[in-house]
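The report below takes up a structure chain by chain and element by element. Please keep the sequence and the model at hand while reading.

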Amino acid sequence: MGGRGAVAWAYVGFLVGLPAANLIYLAGRLGPAKLYAELSKPESLHALWLTMLTAVITVAVNTFFGVLIALSLARQKFRGRTTMSVLTDVPLTVSPVVAGFVLLTLYRPDGWLGKPLEASGIQVLNALPAIVLATLFVTLPLVTRELTPVLAQIGTEQEEAAITLGASRWQAFWRITLPSLRHGLTRGMTLTFARAIGEFGAAVVVSGNIIGQTQTMTLWVFQEATDFNYAGAYAGSVVLGVLSVVAFAWAEHARGRAHRRRRDLLTHIR
Amino acid sequence: MKFVGGLSVLMLAAGIVTLSSCGKSAEATKTVTITLAGNSVARGVYENGLIPAFKDAYAKAHPGEKVEFRQTYEGSGAQTRAILAGLKADVAALTLAPEMEKLAAAGLVAKDWAAASKGGSPATSVVVIVVRPGNPKKIHDWPDLTRQDVDVVFPNPETSGAAQWNVAAIYGAYENALATGTVDDLSNPGAPNSWHLLRDIRHRTKVFGKSGREAMQIFSSGVGDALVGWECEALERKAAGDQLEIVYPTKTIRMEPPVAVVIPKGQVTNGAAVEFVQFLTTPEAQRIYAEHHFRPRDADVAKEAGSDLPAVTGLFGIDDIGGWAAVQKVLFGPEGLWAKAGQ
Amino acid sequence: MVILPILSLGSVAFSKGWASFWAAITRREALASISLTFQVSFLATAITALAGLWIAWTLKRREFWGKSLLEALIDLPLALPAIVGGLVLLSMYGPNGILGAFLGKHGIEVIFAKPGILLALLFVTLPLMVRTVQPVIEELEPEVEQASFTLGASRLETFMRVTLPTLLPGVATGVSLTLARALGEFGSLVLIAGNIPFRTEVAPTYVYARIESGEPEAAAAVAVALLIASIAMLLAIEYLQVRARRVGRRHGR
């Protein structure tokens, strides 16, 4: 068998290492002044702000609903539980462009939800709500998938004991269950964040891509890469890359602390 | 808990970005906003020429007011789709008249849009072939693009209006349509007609750009031997330092990209948008078009600028080959010649 | 949040009846894009499966320089946004990229050709495979193999009868994950695929092009096909995981 990892290094180095190093080199060659100039343009600043805003909203909303869904999946027995579990995972495996398209059909001016919303003057498509909805959709399962196994493992005995001792349901959840979910929650949230800032395929379909308005960082990188501004594309990529690698490393760190159980790979698929 | 701390760091970072981007909005002027949905190739002339000029002109004409622009640039087919799907644009700068007709049919653009501003298209350009410096593959006319040693970069006619002009140029150049002013169905397989030309050029096409802009970008990154595209964009890239040469085919088409005011349903027309579209036909704007290598409609400005844009002898317009409605029916759609050429 | 959008997709796909759905999905461009997607995805999955197994194996059984750096590199495609992944490959294999220029001189096309699509899929799926088989390999005990050797089995026999059966569920899960990702991949392909129908247009970019050209029914038909494929992959993964857990329990782990 291949001498001491030479083959492994060759494959990974060729496929991942070399291209990544090349991008860093190309960005570095532009120099910090040029990178800063690209990133301090109003449109790139706005794109970064929009990406951050979307990511923060997404993390907040999907954490809340993720916990609720995980609780009901882990604790309640109801008809169609398995179906619900599989449905929750659909956004993980479906192509992001299909995810975006699905939302487009729903919120088009003649779509099922688009029509009533249009009538009441709420604009979804080509505006912030569309970007947020697309990101919510693709990150929906991340928190849930982290929590369901933990919840199933810890059971409800301790909470019930606390309730017998006079705690309210809420107190019992807050004091007993939540602390044990801590690492899973951190991991779900950081993964959601990483996935949210990298969201592209769904956003490109629904956002309208208005410069300085509904253009997120990934969309800006895409536009600059096809519009003779590689400097901007590289600069944006470096920012996105650093942010997502940090978030990802944080998530992995949390996994390490969550008693080293097997990594749930489905949450990594996109 | 730790993640709460982390989250607040992120929030803080986001907050700083917002503050820094919003720090300059506290002025006591009334601001009107125009959302411009443009085709991808128009970005240069609008962003760096027409918009800054109009901002000045507007501020002069309306003391105490100023106009801001929101801009989006895509392939014009995609842009049309987005406006139909509810993109709240005030001005549509598209590439093809039929796209504007679609908006008009949906009630988003005035039915008589073409009557305004020099036939609805303030400046024109020409479909050309762009080649590498020194023209190493000796490409001089459309048939050269069918050669086995030539790789062609083309925008995708399904998403790019420019690509439809390209196809119409090739089609018109070799069909007796030009002579008769009518469209043939080109079903005769024996004659060396534009059907063969279209089919063979499509087979030599190596990459489809989503928009004219993306096709140009792909070509200037070093892919392919020839690009079919806008004269103005090729000249813009040349001015920016790209190494390329422009080949004028013996016969080619005049591109007439339309501009019109969009009236979103149930909303008042944006007055500033109307002024903007009118502004495009003023000598000042026409001069800006010329600076950005468009061919201005204004005869006087065209004369001033004429020196760097050669006269094209075999130039024809869309009406010379039967008009868009007929041409689109023959060339595009799932049953069109272009789709058949790809099979 | 999930069901309604999916139903809405269905309503667009079948808005003009079954016949027009069938016409849209059997359109030659559509079929070609679906078939290309499956071909390249299967090829990518096969390569990634072999490479992933090898790498996971090496990581477990060998000591060598830079192991943790290697592990970090393997994770990188998971962390990077897809569009950045595409740009990374474009900057490397584009006509002006260091490898692209070299290969181009020798007449090998990568970007805007099928090898580019394959490369992008290999890039994004590598970590999925490595990380799924890793825990399974961790559980392999070298002692069992040693025992097999001492009992007179050959290397091949040992691998086929001892090692492989243990690895199989993990590998199958990895293969499903890889396939699911490959079939739907979009972000890293949009910059480098070339989008020529019948040659370099894959199903997700086909859907995108149909959306952009204002043909929602045509987009919906292929989108439905992709959706079904991804749900099938999901069910396969669920099934494999449930089975692995059950087997694990039977072995008293």
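What follows describes one chain as a whole, its contacts with a second chain, and then selected elements of a third.

## Basis of the description

This is a predicted model, in which local features need pLDDT of at least 70 and side-chain atom pairs count only at pLDDT 80 or more, whereas totals for chains, interfaces and linings use all residues. Residues are numbered from 1 along each chain as its sequence is written, and chains are lettered from A and ligands numbered from 1 in the order in which they are written.

## Chain C as a whole

Chain C has 11 helices and 0 strands, where helices (H or I, at least four residues) and strands (E, at least two) are DSSP runs numbered from the N terminus. Its C-alpha atoms fill a box of roughly 65 × 50 × 30 Å along the principal axes.

Of the 253 residues of chain C, 53% count as buried; a residue is buried if 20 or more other C-beta atoms lie within 10 Å of its own, exposed if 12 or fewer, and partly exposed in between, with C-beta atoms placed from the backbone. Among contacts in chain C between residues at least 6 apart in sequence, 76% join residues at least 24 apart, a contact being a pair of residues whose C-beta atoms, placed from the backbone, lie within 7 Å.

## Where chain C touches chain A

On the side of chain C, 64 residues are in contact with 63 residues of chain A. The elements of chain C that give two or more residues to this side include α3 (28-61), α7 (114-139), α9 (155-184) and α11, and α11(C) gives the most, with 12 residues. By class, the side of chain C that touches chain A has 53 nonpolar, 7 polar and 4 charged residues; here Ala, Val, Leu, Ile, Met, Phe, Trp, Tyr, Cys and Pro count as nonpolar, Asp, Glu, Lys and Arg as charged, and the others, Gly among them, as polar.

## The largest nonpolar core

A nonpolar core is a set of buried Ala, Val, Leu, Ile, Met, Phe, Trp, Tyr and Cys residues joined through C-beta atoms within 7 Å. The largest has 265 residues, of which Leu103(A), Ala134(A), Val91(B), Ala92(B), Val207(C), Val222(C) and Ala223(C) touch the most other members. Helix α11 (residues 216-250) of chain C supplies the largest share of this core, 15 residues. Leaving aside neighbours within four places in sequence, Ala92(B) is in contact with Ala37(B), Ile83(B), Met100(B), Leu103(B), Val109(B), Ala260(B) and Val262(B).

## Strands of chain B

Strand β1 (residues 30-39) and strand β2 (residues 65-74) of chain B run parallel and are joined by 10 bridges, with two strands taken to pair if DSSP finds at least two bridges between them. Val32(B) stands opposite Val67(B) in β2(B). Together with helix α2 (residues 43-61) of chain B, β1(B) and β2(B) make a right-handed β-α-β unit, the crossover being right-handed if, with the strands pointing away from the viewer, the path from the first strand over the helix to the second runs clockwise.

β5(B) is covered on both faces, with Val152(B) and Phe154(B) buried on one side and Val153(B) and Pro155(B) buried on the other. In a regular strand the side chains alternate between the two faces of the sheet. β5(B) pairs in the parallel sense with strand β6 (residues 205-209) of chain B over 4 bridges and with strand β7 (residues 226-230) of chain B over 2 bridges. Val153(B) has Val207(B) as its bridge partner in β6(B) and stands opposite Leu227(B) in β7(B).

## Helix α13 of chain B

The buried residues of helix α13 (residues 323-331) of chain B are Val327(B), Gln328(B), Val330(B) and Leu331(B). Seen down the axis of α13(B), these residues fall within an arc of 165°, so they line one face of the helix; the arc is that of the directions from the helix axis to the C-beta atoms. Their cover includes α4 (97-105), α5 (161-174) and α14 (337-341) of chain B. Just after α13(B), Gly333(B) takes a positive phi of about 85°.

Most residues other than glycine have a negative phi. Lys138(B), in the loop between β4 (123-131) and β5 (152-155) of chain B, has a positive phi near 50°, and with 12 C-beta neighbours inside 10 Å counts as exposed. His293(B), in the loop between α11 (283-291) and β11 (295-296) of chain B, has a positive phi of about 70°, but with 23 C-beta neighbours inside 10 Å counts as buried.

Technical notes: Contact = placed C-beta atoms within 7 Å.
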